[in-house]
Amino acid sequence: QVQLVESGGGLVQAGGALRLSCAASGRSFSSLSMAWFRQAPGKEREFVTCTTKSGGSATYADSVMGRFTLSRDNAKNTVSLQMNSLKPEDTAVYYCAADRYGLGYRCGSVIPTGDYGSWGQGTQVTVSS
């Protein structure tokens, strides 16, 4: 298992930007697909974005396409989420997650949350209108 710690959340006005980071330790980070999910109060956890082990490609939820950008640095064992043009509906706790099976090529919105074996503690993002 890999240990994940998110940071960078906070309160921002609509139209603003935040950058979330996820630091990984333990199992080989560079072999794992990584993803970001979010969960708003009273709602189910939802997919935001993911990337393969190389970071060469990423998939985004329609709701964040064009506003959020995922990147990873395998040398630093980090994955980051740049969030621009934030909207009140982006308010949620954001979690990073690591692929459970070491299938570093898997990345997509339909991959079950159960296929992610490691999760961070989450970081709160609040967007005011």
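**Exercise 1. Ala 23**

Solution: 
- Step 1. The model is predicted: local features need pLDDT of at least 70, side-chain atom pairs count only at pLDDT 80 or more, and totals for chains, interfaces and linings use all residues. Residues are numbered from 1 along each chain as its sequence is written, and side-chain values use heavy atoms, without hydrogens and water.
- Step 2. Ala 23 sits in strand E3 (helices, H or I with at least four residues, and strands, E with at least two, are DSSP runs numbered from the N terminus).
- Step 3. Beyond the neighbours within four places in sequence, Ala 23 is in contact with Gln 3, Leu 4, Val 5, Asn 77 and Thr 78 (contact means heavy atoms within 4.5 Å).
- Step 4. Thr 51 lies 28 residues from Ala 23 along the chain, and their C-alpha atoms are separated by 15 Å.

**Exercise 2. The whole chain**

Task: How many helices and strands does the chain have, and how does its radius of gyration stand against the globule rule?

Solution: 
- Step 1. The chain has zero helices and 11 strands.
- Step 2. The radius of gyration is 13 Å, close to the 14 Å from the globule rule for 129 residues, so the chain is as compact as a globular protein of that length. The radius is taken over C-alpha atoms, and the rule is 2.2 Å times the number of residues to the power 0.38.
- Step 3. The C-alpha trace spans about 40 × 25 × 25 Å along its principal axes.
- Step 4. Buried residues make up 43% of the 129 residues.
- Step 5. For contacts between residues at least 6 apart in sequence, 59% join residues at least 24 apart.

**Exercise 3. Surface and charges**

Task: What share of the accessible surface belongs to carbon and sulfur atoms, and how far apart are the mean positions of the positive and negative charges?

Solution: 
- Step 1. Carbon and sulfur atoms hold 49% of an accessible surface of about 6,200 Å² (Shrake-Rupley method, 1.4 Å probe; for residues, only the protein chains shown count as cover).
- Step 2. There are 12 positive and 9 negative charges, and their mean positions are 5 Å apart. Lys and Arg count as positive, Asp and Glu as negative, while His and the chain ends are not counted. Each charge is placed at NZ of Lys, CZ of Arg, CG of Asp or CD of Glu.

**Exercise 4. The nonpolar core**

Task: Which residues of the largest nonpolar core touch the most other members, and which element gives the most to this core?

Solution: 
- Step 1. Among the 35 residues of this core, Leu 4, Trp 36, Phe 68, Leu 81, Met 83 and Tyr 94 touch the most other members. A nonpolar core is a set of buried Ala, Val, Leu, Ile, Met, Phe, Trp, Tyr and Cys residues joined through side-chain atoms within 4.5 Å.
- Step 2. Elements giving two or more residues to this core include E1, strand E3 (18-26), strand E4 (34-39) and strand E9 (92-99).
- Step 3. E9 gives the most to this core, with five residues.
- Step 4. In soluble globular proteins, nonpolar side chains tend to be buried together.
- Step 5. Outside four places in sequence, the contacts of Leu 81 include Leu 20, Trp 36, Val 48, Phe 68 and Tyr 94.

**Exercise 5. Val 48 and Val 5**

Task: Find for Val 48 and for Val 5 whether the residue is buried or partly exposed.

Solution: 
- Step 1. Val 48 lies in strand E5 and is buried, because its relative accessibility is 0%.
- Step 2. Leaving out residues within four places in sequence, Val 48 has contacts with, among others, Trp 36, Thr 59, Phe 68, Leu 81 and Tyr 94. Thr 59 is 11 residues from Val 48 in sequence, with 8.4 Å between the C-alpha atoms.
- Step 3. Val 5 belongs to strand E1 (residues 2-7) and is partly exposed, because its relative accessibility is 48%.
- Step 4. Not counting residues up to four places away, Val 5 touches Ser 21, Cys 22, Ala 23 and Gln 121.

**Exercise 6. Positive phi**

Task: In which loops are Asn 77 and Ser 85, and what are their phi values?

Solution: 
- Step 1. Asn 77 is in the loop between E7 and E8. Its phi is positive, about 55 degrees, although Asn 77 is not a glycine.
- Step 2. Ser 85 is in the loop between E8 and E9. Its phi is also positive, near 50 degrees, in a residue other than glycine.
- Step 3. Asn 77 is partly exposed at 26% relative accessible area, and Ser 85 is partly exposed at 42%.

Key. Buried means under 20% relative accessible area, exposed over 50%, partly exposed in between (1.4 Å probe, protein chains only).
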